[in-house]
Amino acid sequence: MEETNTCHGAQIIDGKAIADEMKNELRQKITQYVALGNRSPTLTAVLVGKDPASQTYVKNKMLAAKTVGIVSNTLELPETTTQDELLSCIKKLNNDINIDGVLVQLPVPNHIDERTICNAVSPFKDVDGFNEVNVGRLALDMKSIIPATAAGVYELLRRYKIPTFGKNVVVIGRSKNVGMPTAMLLHTDGRHESKGMDATVTICHRNTPPDQLKTFCQGADIIVTAVGKPGLVQSDMVKPGACVIDVGITRLPAKEPGKTKLVGDVDFDEVRKVAGHITPVPGGVGPMTVAMLMRNTFMVARNLAKTRQVNDLCND
């Protein structure tokens, strides 16, 4: 990937450009896949309630699916949907051979247990990579469906050729959907199925004292922050030349009345003067998350097609 030079020091890691590049690659692969006689990959998203942010995220996923040649559909359920009703819906999707990828947009309403729902999605259709089977396989360095945001961070580091072998990395945030899988990918053995990045990883979180967080970050070659706390990472916390990946996202009031703006966890304008590479918000990790979700969908579609072919041969 060509790096974009700026007069402010850091190279801007252009997640949107990489995501567009990946979607173009994926569209070509899906076109070739369908030309061989396979049906188009399919993806169904389940949205419970009318949370505006969730509606926007699902809409973006459906638009990306159309762009790459994935047939997509959204099931919109009311806020009052019970856990049993949602589980019944997921079971039907799991059993539908015409549906490849299944995702339940998070968060779900408070009366529904998120972990129960994530585990209900078939691990073979779990494009989010949140089922405990896929999480466990990732933890064991085995080939698995990797959560899209973590996979996006991995891909940005890989395509920008950021050295990770033996490097010190700080991951700020320990969520099971972002921080944990990101740390897993960064520290695992590159010789194994997961193709990890062989870094030395320190995980920091809400209970890490601020002075210790600063010390850990100052010694890091790569900082990945994913907590949703604007201004958390300041320039005096960043080693000169370090790579800073900002996964955080918060909507704040803009200068114009009634307008809002998206910001990350990093004081971007100041940190870019010190860092060697940095992702912007928006336009950094966000677009990569959607692109990696599309890649996961194509992967599960191919795997399920192979399984059906084997089953058909066995039944002949």
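Analyst: Begin with burial: a residue counts as buried when its relative accessible area is under 20%. The model here is predicted. Ala305 has a relative accessible area of 9%, so Ala305 is buried.

User: Which helix holds Ala305, and how far is Ala305 from Asp100 in space?

Analyst: Ala305 belongs to helix α10, residues 285–315. From C-alpha to C-alpha, Ala305 and Asp100 are 8.9 Å apart, although 205 residues separate them in sequence.

User: How do I read the sheet, and in what order do its strands stand?

Analyst: The order is β1-β11-β8-β7-β5-β6, an open sheet of 6 strands with parallel pairing. β1 (11–12) and β6 (200–204) each have a single partner strand, so one side of each has no neighbour in the sheet. Within the sheet, 2 bridges join β8 to β11, and Cys243 has His277 in β11 as its bridge partner.

User: Which helix lies across β5, β6 and β7?

Analyst: Helix α8, residues 210–218, does, running at about 145° to β5.

User: What should I look at in a pocket?

Analyst: Look at volume, then lining. The largest pocket holds about 1,600 Å³ of space. Its lining has 45 residues, with Tyr57, Thr149, Val247, Ile249 and Thr289 nearest the centre. Helix α2 supplies the largest share, 8 residues.

User: What about the second largest pocket?

Analyst: Its volume is about 520 Å³. Of its lining residues, 11 are nonpolar, 3 polar and 11 charged. Helix α10 gives the most to this lining, 7 residues.

Terms used
Residues are numbered from 1 along each chain as its sequence is written. This is a predicted model: local features need pLDDT of at least 70, side-chain atom pairs count only at pLDDT 80 or more; totals for chains, interfaces and linings use all residues. Side-chain values use heavy atoms; hydrogens and water are left out. Two strands pair if DSSP finds at least two bridges between them. Helices (H or I, at least four residues) and strands (E, at least two) are DSSP runs, numbered from the N terminus. Contact means heavy atoms within 4.5 Å. Axes are lines fitted to C-alpha atoms, for helices over the stretch in contact, and angles run from 0 to 180 degrees between N-to-C directions. Buried means under 20% relative accessible area, exposed over 50%, partly exposed in between (1.4 Å probe, protein chains only). On a 1 Å grid over the protein atoms alone, a cavity is a set of points where a 1.4 Å probe fits but cannot get out, and a pocket is an open set with protein on both sides within 12 Å along at least five of seven lines; lining residues have an atom within 4 Å of a point. Grid points are joined across faces, edges and corners, and a volume is the space filled by probe spheres set on the points. Ala, Val, Leu, Ile, Met, Phe, Trp, Tyr, Cys and Pro count as nonpolar, Asp, Glu, Lys and Arg as charged, and the others, Gly among them, as polar.
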